[in-house]
Amino acid sequence: MDFSPKAPIVPGEWLETLAVRVKLRRTEWRVIAIVLSSPDPVTAASLAKRFHLDYGLVKRIVRELIGWNILVRTPSGLQFQPDHTRWGPPQPREAT
């Protein structure tokens, strides 16, 4: 396997914390793995093409991971949120 020198090195404790604190489905793990292993930010559209999945499904998965603060949306694409203290269920919206 060829790893780009730009690919980030992810400490094992991050993934261990993620595996213990948050119950994820297989496709969610696949999305996280691609985001982590990519040297550049990725988009939901590129993930859908890579996995041969419906774009709407991938968008829902990405929104859920962003809601849990596991992924962060940036102008250039999706990035992994390395601060495990920020991971957690989405906060309920306040009624207006």
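Which residues does Q81 touch, not counting residues up to four places away in sequence?

Guide: This is a predicted model, in which local features need pLDDT of at least 70 and side-chain atom pairs count only at pLDDT 80 or more, while totals for chains, interfaces and linings use all residues. Residues are numbered from 1 along each chain as its sequence is written, and side-chain values use heavy atoms, with hydrogens and water left out.

Leaving aside residues up to four places away in sequence, Q81 touches N69, I70, L71, V72, R86 and W87; contact here means heavy atoms within 4.5 Å. Q81 lies in the segment after β2. Its relative accessibility is 9%, so Q81 counts as buried. The cut-offs are under 20% relative accessible area for buried, over 50% for exposed and partly exposed in between, with a 1.4 Å probe and protein chains only.

Take the neighbours in turn. N69 lies in the loop between α4 and β1 and is partly exposed, at a relative accessible area of 30%. The phi of N69 is near 60°, a positive value in a residue other than glycine. H52, in the loop between α3 and α4, also has a positive phi, near 55°. With 72% relative accessibility, H52 counts as exposed.

L71 brings in the strands. β1 covers residues 71–74 and β2 residues 77–80, and the two pair in the antiparallel sense over 4 bridges; strands pair if DSSP finds at least two bridges between them. They form a hairpin with 2 residues between them, and L71 stands opposite F80 in β2. Strands (E, at least two residues) and helices (H or I, at least four) are DSSP runs numbered from the N terminus. The protein chain has 4 helices and 2 strands, in the order α-α-α-α-β-β from the N terminus on.

W87, another contact of Q81, belongs to the 1 aromatic pair found in a search of the whole structure. The ring centres of F80 and W87 are 5.7 Å apart and the planes are at 65°, so the pair is edge-to-face. The rings of Phe, Tyr and Trp (its six-membered ring) pair if their centres lie within 6.5 Å; planes under 30 degrees apart count as stacked, over 60 as edge-to-face and the rest as tilted. F80 and W87 are both buried.

The largest nonpolar core has 23 residues, and V31, L47, I70 and F80 have the most contacts inside it. Helices α2 (26–37), α3 (44–51) and α4 (55–67) and strand β2 each supply at least two residues of this core. Such a core is a set of buried Ala, Val, Leu, Ile, Met, Phe, Trp, Tyr and Cys residues joined through side-chain atoms within 4.5 Å. In α2, I32 is buried, at a relative accessible area of 1%. Beyond four places in sequence, I32 touches L18, L24, L65, I70 and F80.

On confidence, pLDDT is the predictor's score for each residue, from 0 to 100. The chain averages 81, and 82% of the residues score at least 70. Confidence is highest in α4, at a mean of 94, and lowest in α1 (residues 12–21), at 71. Over residues 1–5 pLDDT stays under 50. Where pLDDT is low, the predicted coordinates should not be read in detail.
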